[in-house]
Amino acid sequence: MILDKFYTDKYDNDIIFVNPDVTYGEFKKFVYGQIREFESSPIKNTILLGDNYFEFAVNFFASIFANKNIYLISDRTRVNHLNFEHILPKKPTQAEGTINTKIDPKNVMINFYTSGSTGEPKPIGKTLHNTEVEAYCTIEEFDIKEDTILVATTSLAHSFGLVFNFILPFVGNCKINQKKIEFPEQLDVKDNYILISTPSFMEKLAKYDFVFEKSPEKLFLAGAKLKPEILNYFKKYTDVIDIYGSTETGNIAFKRDNEDFQVFKAVQVTTNENSQIVISSDFFPPDKIVLSDIIEFTQAGKFVVKKRADRIVKILEKRISLDELETHLKRHEKVKDCYCMAYEERIACAVVTDDVTLEKTELRDYLGQYSEILPKRWRFLDEIPRTMNGKVDKAKLHRIFGMNLSLPFVKSRNISENSAKIDLIFKKNCNFFKGHFDVMPILPGVVQIYFAKYFAEDIFNIKISEEEVKKVKFSNIIKADVIITLKLTLKENSVEFAYVANDITYSSGIFVK
């Protein structure tokens, strides 16, 4: 369906991208230019990163017409670890051209990468036809009108983002907002629009009492469990639709308010002998797919998700439900959020708290009332790390639990596109204070550089060489248990950092990217 627009000039004057506006005719010229670029290479695989919506669209269609295999990668750092030859597209340029050979969407394979229970990516294949059918059914299910603008915070390298913010606009003659929304101030759309996002992104907006300048007609959310308080916050402004699905299956069901999930009209849902959900639809190639979620039907076409089978782990010959551990921990008055996972044949737990006095001994004693098996590793964070599609970032948590240094306590973050301010407390019991010094603990300079680099890489999603730090200056001593602000400024080829408090600079330097 969406390829048909390349075989005619009928739509050439219609706008497909906004902010800035781009017509089909202008867009197709960029596709023709990139087709020539791809055809000049014997390599058969193209890697598409999903954050620049316009360039993604150009490279996507150019890959199809140049007969290349499409691989969608959301994490740029994973590109260097791929075990096959690939093209990483250059910035597209325009060219004149026409397309004469018609391509069957059922023969175009799109390769996604999704993280399993270990956080390791695994490939998932779907045809272009699968995604077109899913988009068309979504348009019908929610009566999405032509010319509606689709505004998104999601990556097109994920199934949810690809279908809702890319395939759907091309199928339904809607428009794509070119700018991926990463910060609240970018939500300044004046026309009628639909917002495509994740619960984790909207949770951050609610945290700071965000108010829409113009509310979206609909808000589609997917990627993680939607908390009732986040739903209640945003349903004051718009129609909030919680999408239930997966990379493997695409859309399965949806719900509004606190009702049960309603199965999509084009999807068939049953359960197996373990009450795990079994899905059949034209949104994926296999006849059926079994997921780990255990569901219970409440009436015809409606169900509730009870728990995930893959969140039962065996520790010391005992079966432990990670969901149940989290449920108990979240009842503790000092715990705002938490996530438990298996780590090195033990349980590790990340806890979100705003109470600097909370210690793991207090939580172990509390949790001991409910469970014989307790977490062995603990980390106190200001938020549970999430991937771009809103799921818990298990790979990042594995790295955090593997760190030898204690983490500082994060009191608050203030982040914009090119700068950040993080209020930190380096607690006296941090392991890097041992021997430095017992009477009056002083934060070592190497630790200051380490955490400046750690937060810069995490916040700006960049990689910094450990050797490339310049103009380092230590001006004052940083003591334990005091609030210190880490300022980060992202430049074109560097990141400047400074530890400050009360107009005093304690240390500063520059990382070269």
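Tutor: We begin with a term needed for helix packing: axes are lines fitted to C-alpha atoms, for helices over the stretch in contact, and angles run from 0 to 180 degrees between N-to-C directions. Please keep in mind throughout that this is a predicted model.

Student: At what angle do helix α2 and helix α4 pack?

Tutor: Helix α2 covers residues 53–65 and helix α4 covers residues 159–172, and their axes lie 12 Å apart. The crossing in which α2 passes α4 is right-handed. The angle at which the two helices pack is about 65°.

Student: How many nonpolar residues does the contact of α2 with α4 have?

Tutor: On the side of α2 the contact is made by Y53, F56, A57, F60 and F61, while α4 contributes L162, N165, F166 and F170. Sorted by class, the contact has one polar residue and no charged residues. The number of nonpolar residues is eight.

Student: Where does N173 lie, and is N173 buried or partly exposed?

Tutor: The phi of N173 is near 55°, which is a positive value in a residue other than glycine. N173 is found in the loop between α4 and β8 (175–177). Buried means under 20% relative accessible area and exposed means over 50%, and because N173 has a relative accessibility of 22%, N173 counts as partly exposed.

Student: In β22, which residue is the bridge partner of C349?

Tutor: Strand β21, made of residues 346–352, pairs with β22 in the parallel sense, and five bridges are found between the two strands. The partner of C349 in β22 is W378.

Student: Which are the edge strands of the open sheet formed by six strands?

Tutor: The order of the six strands is β23-β24-β26-β27-β28-β25, with antiparallel pairing, and the twist averages 15° from one strand to the next. An edge strand here pairs on one side only, and the two that do so are β23 and β25.

Student: In β24, which residue is the bridge partner of R413?

Tutor: The strands β23 and β24 run antiparallel and are joined by six bridges. The bridge partner of R413 in β24 is I422.

Student: What distance does helix α10 reach from its first C-alpha to its last?

Tutor: Helix α10 spans residues 445–460 and has 16 residues, for which 22 Å would be expected at 1.5 Å a residue. The computed distance is close to that expectation, at 22 Å.

Student: What covers the buried residues of α10?

Tutor: Among the buried residues of α10 are V447, F451, F455 and I459. The helix packs on the sheet with a direction that makes about 55° with that of β26. What covers the buried residues includes β23, β24, β25, β26, β27 and β28.

Student: Which residue takes a positive phi just after α5?

Tutor: Helix α5 (residues 199–207) has P199, S200, F201, M202, L205 and A206 as its buried residues, and what covers them includes β9 (193–197), β10 (218–221) and α6 (228–234). Just after this helix, a positive phi of about 55° is taken by D209.

Technical notes: Residues are numbered from 1 along each chain as its sequence is written. This is a predicted model: local features need pLDDT of at least 70, side-chain atom pairs count only at pLDDT 80 or more; totals for chains, interfaces and linings use all residues. Side-chain values use heavy atoms; hydrogens and water are left out. Two strands pair if DSSP finds at least two bridges between them. Helices (H or I, at least four residues) and strands (E, at least two) are DSSP runs, numbered from the N terminus. The expected span of a helix is 1.5 Å times one less than its number of residues. Buried means under 20% relative accessible area, exposed over 50%, partly exposed in between (1.4 Å probe, protein chains only). Contact means heavy atoms within 4.5 Å. A crossing is left-handed if the near helix is turned anticlockwise from the far one by less than a right angle, and right-handed if clockwise. Ala, Val, Leu, Ile, Met, Phe, Trp, Tyr, Cys and Pro count as nonpolar, Asp, Glu, Lys and Arg as charged, and the others, Gly among them, as polar.
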